[in-house]
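Here is a short briefing for a reader new to this structure. Look through the sequence and the model, then read the points below.

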Amino acid sequence: MARGKKPVARPHPTASGLEDSSTATSPSAPLQIEAPATSSQQAPVNDEAPATQAGSATPSDSANPVSSAKRSFVWEHFKEYDKIEKGKDAEGNEIDIVKKRAHCIYCPRGKIGDFAVDSSKNGTSGMIRHINQFCRYYPPNISKTQRVLVGDKSQGNKLTAVAYDQDDYLEACVEMIVIDELPFTFVEKKGFNRFCTRVCPLFKVPSRRKLVTNFLRMYDAQKKELIKILKAYRVCLTTDTWTSVQNINYMVLTAHFVDVDWKMHKRVINFCVIQNHQGATIGRLIESCLLQWEIERVLTITVDNASANKSALQWLISKMNKSEGYKPVLGGKYMHVRCTAHITNLIVGHGLKRLQKSVLAIRNVVKYVRSSPNRLDSFRKAVERVKLPLKGLVCLDVPTRWNSTYLMLEAALKFKKTFVRMEEDEDQLYLDYFKEPEEEYDEEGNLIPSTNKRNRVGPPAKSDWEKAEIFVDLLRVFYDVTLRVSASLHPTVHTTFHDVVTMEKNINSLFLEPEIATGSDTEKVLTDMAANMKSRFLKYYGSFQDLNHLVIIGLVLDAMFKLRNYTHSLKEEGLDDFDVQHRTDEIKSLLMALYDEYAPTVDGGRHMRRHPSPTSSSSTITSSRSNPRKGVRGQMLNNWKKVVQESDEAVMVHEVDQYLNAPLEFVDDEEEDFDILCWWKINGPKFPVMAAIARDVLAIQTSTVASESSFSTGGRVIDTFRSSLTPKSVEGLICMQNWLLGDDIAQVVDEEPSIENTEFYEQAELDYESSASSRNTRPSGPTIPRAKSKGKAAAPISID
């Protein structure tokens, strides 16, 4: 700009253009006011700009309150603050010096976008120039192709360059709705729109209709991708049914598998409407879901103990065996797996009936503590009197869930002395509580109006506490078993056999020997309870004969136990030697049958059989005779091989025998769990067919908790406020949430050897060699750089 000329207004190439307050009050004006030029044809950028710049306040302005008002548009984009610095006055005393400054509301707090704004010293030119040219966060300055550095929390706040992308933002909005279980109308709320306007003004908040359309598109795209991935695996399924607040019956189907990187995954693949809970209906719907997902290889299906599920699986297995589209293992004989958690619940529930009065008395004292602030205060005072540390508090159970009853009893026993002391001190508030009428509950645990006038049961007597202590010790085992078998992201099938044995031994421990029995009322109640639980245990498990044999195969595939532990467990159960040997041979025969079925599909089926056929042996001997170089020596070696193969001291050549007879593995720390998937990942190459079996068997679920957990999500998705969702939208929301929260699945990469691949790598090597030779212009041998002369580059000296 020529000296002495006025600034010229011109359009800004990227921004919307900004003007000073003398001509406009909004940043959306189409022209930009250029600051006066300095001697170097560029306005100073420092904070202490001259007071005579455009938009600055003169001393006369500061004296006049009206003229000193901030009229420049730039104050819409900056926020004033006081910066306090330490200084000294004329006498040398330390004082606080307040300096007026302002920071850009778009830029991160720091030196950039921070200006001095003392009205007597500083102007607004630097701030205008910052908004017009330098602010990379001001929305009109952001180009859709321009990338901005942001911190990526998923990578430890690593700086990554991102650009504005409306489609990407829209997908992120859909993912937020799905993961956080928000209603689709959330995007139309004022708060969310205001948030988006402040954080990302360029983002066009979608309407509810557009959001639903994009959600359905994303669901279909992810479903097609998952269908391709599942084709590479044999899956284990779990299923269960549920009724929503709309009185619509839903069935959930969850697929479990271990990927090629030996990581376990679960994917909810269906949450669909079912007409009724009959066996044929369940079986047909499962078949329809498998056809929809193009799943042909199913190892097991885990269901609860309902009779309808048993008939459903019988129908489905029959259909699979008749169809060529499915590939059931061993004819689907071991496809039906019963839910261990459900059976455990039935066993414990049957035993709780004999302790109903004692449990009810303890439940009532817990209700007393939790019912009002005054009662809680009296309980705290009693805790102080018995000098117990008040860490935690008692918790109330859900009467229809025994695991919550266990937690209630365990917590109440810690304050046993407190409740006894309250009764001994004749705490009137405490005693009056048990004179009130008893409450009643329905099957779902909901409070219903009482039909009788009898008083509450309690307070607990000494025998009630004794029964609770014994029962809590017993329930702890069942509680731990339920937690263990309910896991769905790491294998549980290899520990289920030991869990079943543990439950049986703990039930048997309640039966006292006649010589040590005292005949007390507590002993009689516990003995009756043990008898009830024992009858249920024998009904569902028998003598381990009713346990799915693939569960035992899971134990055999654990390198800490193998088949030897199963044999040892049978002997510990008191079985005779013949029965032990028969059952052991039965499991080994099943393992051999699995090997024969898996071997043709692993590495092209190039694996040794257990015993060579007589034809192959005779052909080997014949060929050795016909070879003059081997002669008698070759015949001797072949005869010896034949003798060894037919003897009991045969060298182990079969992979199953190699695995079973290999040394057992043990962990150094008893509290550390054995990572069975990691072991197979490391040792799988030594036993390729066994590894293929382990990958499928270890994915077997011994409980339906993985499917039942979807009902919690379903209840929140289609609650009473959002009951207008269609079944397709419900299925998409629940399935897609599970997919988004799941870990990435390792893909199966198959690269078949071919002439084209060989030629490709050969050409790549030739290209590299030719490019390397063209770059290598230096002579061979080491070089010593020569000292540089003035104005000339140093030339290397070759040393031969």
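By class, the residues lining the second largest cavity are six nonpolar, one polar and two charged. Nonpolar covers Ala, Val, Leu, Ile, Met, Phe, Trp, Tyr, Cys and Pro; charged covers Asp, Glu, Lys and Arg; the others, Gly among them, count as polar. This is a predicted model, where local features need pLDDT of at least 70, side-chain atom pairs count only at pLDDT 80 or more, and totals for chains, interfaces and linings use all residues. Residues are numbered from 1 along each chain as its sequence is written, and side-chain values use heavy atoms, with hydrogens and water left out.

**The second largest cavity**

- The whole structure holds two cavities of 30 Å³ or more. A cavity is a set of points on a 1 Å grid over the protein atoms alone, where a 1.4 Å probe fits but cannot get out.
- The second largest cavity has about 30 Å³ of space. Volume here is the space filled by probe spheres set on the points, and grid points are joined across faces, edges and corners.
- Its lining consists of Leu355, Ser358, Val359, Ile362, Leu409, Asp464, Lys467, Ala468 and Phe471. Lining residues have an atom within 4 Å of a point.
- Helix H9 (356–371) and helix H14 (462–485) each give at least two residues to this lining. H14 provides the largest share, four residues.
- Helices (H or I, at least four residues) and strands (E, at least two) are DSSP runs, numbered from the N terminus.

**A five-stranded sheet**

- Five strands make an open sheet with mixed pairing, in the order S8-S7-S6-S9-S10. Two strands pair if DSSP finds at least two bridges between them.
- Strand S8 (264–273) and strand S10 (336–338) stand at the edges with a single partner strand each, so one side of each has no neighbour in the sheet.
- On average, neighbouring strands of this sheet are turned by 25° against each other, direction ignored. Axes are lines fitted to C-alpha atoms, for helices over the stretch in contact, and angles run from 0 to 180 degrees between N-to-C directions.
- Strands S6 (residues 235–243) and S7 (residues 249–258) run antiparallel and are joined by eight bridges. Asp240 has Val252 in S7 as its bridge partner.

**Helices on the sheet**

- Helix H6 (residues 279–293) lies across S6, S7, S8 and strand S9 (298–303), at about 120° to S8.
- Helix H7 (residues 307–322) also packs on the sheet and touches S9 and S10; its direction makes about 165° with that of S9. Contact means heavy atoms within 4.5 Å.

**Two loop residues with positive phi**

- Most residues other than glycine have a negative phi.
- Glu294 is not a glycine, yet its phi is positive, about 60°. Glu294 sits in the loop between H6 and S9 and is partly exposed, with a relative accessible area of 41%.
- Leu330, also not a glycine, has a positive phi of about 55°. Leu330 is in the loop between H7 and S10 and is partly exposed, at 25% relative accessible area.
- Buried means under 20% relative accessible area, exposed over 50%, and partly exposed in between (1.4 Å probe, protein chains only).

**The chain as a whole**

- There are 27 helices and 14 strands in the chain.
- Of the 800 residues in the chain, 41% are buried.
- Helix H24 (residues 688–697) is mostly covered, with eight of its 10 residues buried. Among them are Val689, Met690 and Ile693.

Notes: 1 Å grid on protein atoms, 1.4 Å probe; cavity = no way out; pocket = protein on both sides within 12 Å on 5 of 7 lines; lining within 4 Å.
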